[in-house]
Amino acid sequence: MAETDTQHSLTSLLCTEERDFLIRNNGEQVKIEDLEGKIVGLYFSAHWCPPCRAFTPILSGVYTKLVENGDFEIIFISEDKDEKSFEEYHKTMPWLALPFSDKQTKEKLDQEFDVEGIPTLIILDQKCKTISTDGVSIIGDYGAEAYPFTKERLGELKAEEEAIRLSQSLNSLLVSPDRDFVIGNGDKKVPIVELVGKTVCLYFSAHWCPPCRRFTPKLLQFYTDLKSRGEELEIVFISSDQDAESFQVYFGSMPWLALPYGDQKANYLERYFEIEGIPTLIVLGPDGKTLQTEAVELVMDHGVEVYPFTKEKLDELKAKEEAIRAAQTLESLLVSDERDFVITNSGGKVPVSELTGKTVGLYFSAHWCPPCRGFTPKLVQVYNKLKENGEAFEIVFLSSDKDQEAFEEYYASMPWLALPFGDKVKEDLSRYFSIKGIPSLVVVGPDGKTVRTDARNLLSVHGAKAYPFTDARLVELEKEMEVAAEKYPKEIQSDLHEHSLNLIQRKAYFCDGCQEEGSAWSFYCKECDFDLHPDCALKDNQSDENEKQQTQGKDFENVDKPAEVICEGDVCRRV
C-alpha cells in the first residue's frame with residue numbers, strides 16, 4: 001500500500017500509565033523512548049496461524065540484516081490465545097514484543113491500524129508516520145532491499161525490475177547479492193554460471209499440493225528421459241512448502257536442483273512471473289529468455305516430444321495433432337498397443353472393430369462424483385430407449401474412480417461397454433478432448449469423427465430425441481421447441497416459487513426444479529434468477545419429482561470424493 005498521512009507517537013501508541021517499556025524474549029525490558037527516531041515495524045502475528053509461522057522466518061532474516069544499521073526495530077503484537085503460546089512463539093523472534101498481559105494496548109493498536117487479519121506488518125518511519133500497512137507483501141516481495149520502505153524506494157525497485165525484464169538472463173533471475181548458486185540433494189552447491197546456455201525449467205511446486213504431487217512423477221520421467229538422451233536441460237525447484245522439513249522431504253524425491261528453502265528470490269520469481277497457482281513450470285531458453293509460462297500442460301499433453309519448447313516445436317506438434325484429428329477413427333481413439341477391445345460388465349470382451357459404423361458416446365464419469373450419479377440413470381434411460389428403437393448406438397464408460405472396487409460397483413449399474421479400469425487410453429482421451437470436469441459425454445459419429453464434446457447438455461435437455469446429436473438434429477429440435485412454445489402459457493404460478501414465472505427464451509440455464517441444464521425456453525423469474533424447464537413447470541407431479549431429487553441428494557452425500565476435487569452445481573473437477 002502507498003504511504004498514508006497518519007502520524008502517531010510511539011509513546012501514545014505503546015505506553016500506559018503503568019508501563020513505559022517493551023520486552024525481549026529473555027525478559028529484558030527496553031524503554032520505548034529508546035526507539036524514538038527509528039523505523040519501527042508493528043508485527044501482528046500468532047503461533048496458531050500457519051501463514052504467520054511461514055512469514056516469521058522470512059521477517060527474521062530481513063531483521064537480522066537491517067538491525068545492524070541501528071535505526072530499525074520490530075515489535076511483536078501477539079494475537080495468541082494464551083501467555084504460554086506467546087512466550088514460545090516470541091522465543092523464535094529476535095525483536096521486541098508488547099507484554100502479552102497488556103490486552104488493552106493490543107486492542108487499541110488493532111483498532112488504530114484496522115487489523116483484520118494476520119500476519120500484518122505496519123511500518124512507521126522515524127517520525128512515527130505510517131509508511132505502509134502492507135509490510136508483509138513488501139518484505140515478501142523485496143526483502144531487506146525495500147529498506148527504508150518508502151514510496152520512493154519501492155518505485156526504484158519496480159523500475160529495476162522493468163529494466164531486468166528488458167535484459168532478462170539466468171543470472172538476473174536466479175543470482176542474489178549473497179548467493180550465486182543453486183543446490184542439489186546432499187548439500188551440493190551448483191554455480192548458476194554452469195546452467196548458462198542450457199534450457200532451464202523453473203518448477204513452482206509444494207509437497208502439500210495434491211496436483212503438484214501428481215505432476216512431479218510425470219516431470220521426473222520427462223527429465224530422466226531427456227537427460228538420458230544427453231539433452232542440455234535442467235530444472236530448478238522453487239518451493240512453496242510451509243516449512244523446511246516439508247521442503248527437504250519433497251526435494252529428496254527430485255533429481256534436479258533447487259533454490260535454498262526460504263530464499264528471497266522465490267518470492268521475487270513468483271511475482272516476476274505472476275504465479276497464480278501451482279504446479280507451474282516456466283521454461284527459459286539457452287539465452288535466458290522466457291520460452292513458455294504454462295509448460296505443465298505441455299508436458300502432460302506431449303511428454304518429451306515438446307522439448308525444447310520452442311515456437312517451431314509447438315507449431316510442429318500442432319500440425320501433427322491436426323493431422324491426427326483429420327485421420328481420427330474410433331479405433332485410433334480406443335485401441336492401444338496392448339488392447340484392441342472394450343469390456344462388458346459381465347467380464348466379456350468386445351473388439352473395438354465391432355463398434356465401427358455406430359454412433360458411440362464416450363462417457364467420462366466416476367462413482368464418487370454426485371453429478372455423475374445423478375446423470376447416469378438418465379443416460380441409462382436414453383441408452384435403453386435408443387436400443388429399443390434399433391439405433392446403431394453404443395456407449396463406452398471411461399472411469400475416473402479411485403480403485404477397481406469402486407469402478408466395478410459403479411459399472412454394475414450401466415448396461416454399456418467400458419475401458420478396463422486404469423487403462424492409459426482414458427488419460428490420453430481426457431487430454432485429447434480437453435475434459436475439464438465430469439460427467440462429460442463425447443459423441444463420435446459413424447465415420448469415427450467427433451460429433452460433439454458437450455452431448456451431456458444436449459441429452460439432459462432433449463433426452464433420446466437428441467440422437468444422433470448432430471448440429472442438424474439440434475436445429476430440428478430448436479424448431480420443434482419453438483412450435484411447442486406457441487402452446488405454452490406466457491405466465492404461470494408454481495408451487496416451487498413465490499413469484500409468477502414468465503416464459504422467455506434462454507440460451508442456457510440450470511433448472512431449479514429438476515437440477516438439470518436447460519436451453520431455448522424457460523419459465524423465469526428475473527427478480528430471483530429462478531428457472532424452470534417447461535416440462536418441470538407444467539407437469540402435475542412436481543412434488544414427486546422434488547422428493548426424488550431430495551432423495552438423490554441425500555444419497556450423493558454418502559460417497560467420499562477425492563480431496564483435491566470440488567463439485568460445483570452439476571460438474572466435478574480437480575482443483
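This note walks through some helices, strands and loops of a predicted model, point by point.

1. **Helix α2 and its length.**

2. **A bend in α2.** Where does α2 bend? Look at T56, where the helix bends by about 25°. A proline, P57, follows within four residues.

3. **The buried side of α2.** Several α2 residues are buried: C52, F55, T56, L59, S60, V62, Y63 and L66. As for what lies over the buried residues of α2, the cover includes strands β3 (39-45), β4 (72-78) and β6 (120-124), together with helices α3 (83-90) and α5 (135-142).

4. **Helices α8 and α11.** Next, find α8 at residues 210-228 and α11 at residues 295-302. Their axes come within 10 Å and cross at roughly 70°, so the two helices are roughly perpendicular to each other. The crossing is left-handed. On the α8 side the contact is made by F215, K218 and F222, and on the α11 side by V296, V299 and M300.

5. **Helices α14 and α17.** Another helix pair to look at is α14 (residues 370-388) with α17 (residues 455-462). Here the axes lie 11 Å apart and the packing angle is about 75°; α14 and α17 are therefore roughly perpendicular to each other. From α14, residues F375, K378, L379 and V382 take part, meeting R456, L459 and S460 of α17.

6. **V442 in strand β20.** Is V442 buried or exposed? With 0% relative accessibility, V442 counts as buried. V442 sits in strand β20, residues 440-444. Leaving aside residues up to four places away in sequence, V442 touches V360, G361, L362, F364, F433, I435, T450, R452 and T453. Among these, V360, G361, L362 and F364 fall within strand β17, which spans residues 359-365. For a sense of scale, V442 and Q328 are 114 residues apart in sequence, and their C-alpha atoms are 14 Å apart in space.

7. **S365 in strand β17.** Strand β17 also holds S365, which is buried, with a relative accessible area of 0%. Which residues does S365 touch, beyond those up to four places away in sequence? They are C372, T376, F397, L398, S399, S400, Y410 and I438. C372 and T376 belong to helix α14, given its range of residues 370-388.

8. **L417 in strand β19.** Strand β19 runs over residues 417-418 and includes L417. This leucine counts as buried, at 8% relative accessibility. The contacts of L417, again not counting residues up to four places away in sequence, are V342, I343, T344, V350, L355, E394, I395, V396, F397 and Y411. F397 is a contact of L417 and also a contact of S365. L417 and G37 are 380 residues apart in sequence and 78 Å apart in space, C-alpha to C-alpha.

9. **Two cis peptide bonds.** Please take a look at the prolines P119 and P468. The peptide bond from I118 to P119 is cis, with omega near 0°, and P119 lies in the loop between α4 (103-112) and β6. The bond joining Y467 and P468 is cis too, with omega about 10°. P468 is placed in the loop between α17 and α18 (471-485).

10. **Two positive phi values.** Which phi value does E274 have? Phi is positive, about 55°, although E274 is not a glycine. E274 lies in the loop between α10 (264-272) and β13 (280-284) and is exposed, with a relative accessible area of 62%. D529 also has a positive phi, near 50°, and is likewise a residue other than glycine. Its place is the loop between β24 (517-525) and β25 (530-532). D529 is partly exposed, at a relative accessible area of 48%.

Methods
Residues are numbered from 1 along each chain as its sequence is written. This is a predicted model: local features need pLDDT of at least 70, side-chain atom pairs count only at pLDDT 80 or more; totals for chains, interfaces and linings use all residues. Side-chain values use heavy atoms; hydrogens and water are left out. Buried means under 20% relative accessible area, exposed over 50%, partly exposed in between (1.4 Å probe, protein chains only). Contact means heavy atoms within 4.5 Å. The bend at a residue is the angle between axes fitted to the seven residues ending there and the seven starting there. Axes are lines fitted to C-alpha atoms, for helices over the stretch in contact, and angles run from 0 to 180 degrees between N-to-C directions. Angles under 35 degrees count as roughly parallel, over 145 as roughly antiparallel, 65 to 115 as roughly perpendicular and the rest as oblique. A crossing is left-handed if the near helix is turned anticlockwise from the far one by less than a right angle, and right-handed if clockwise.
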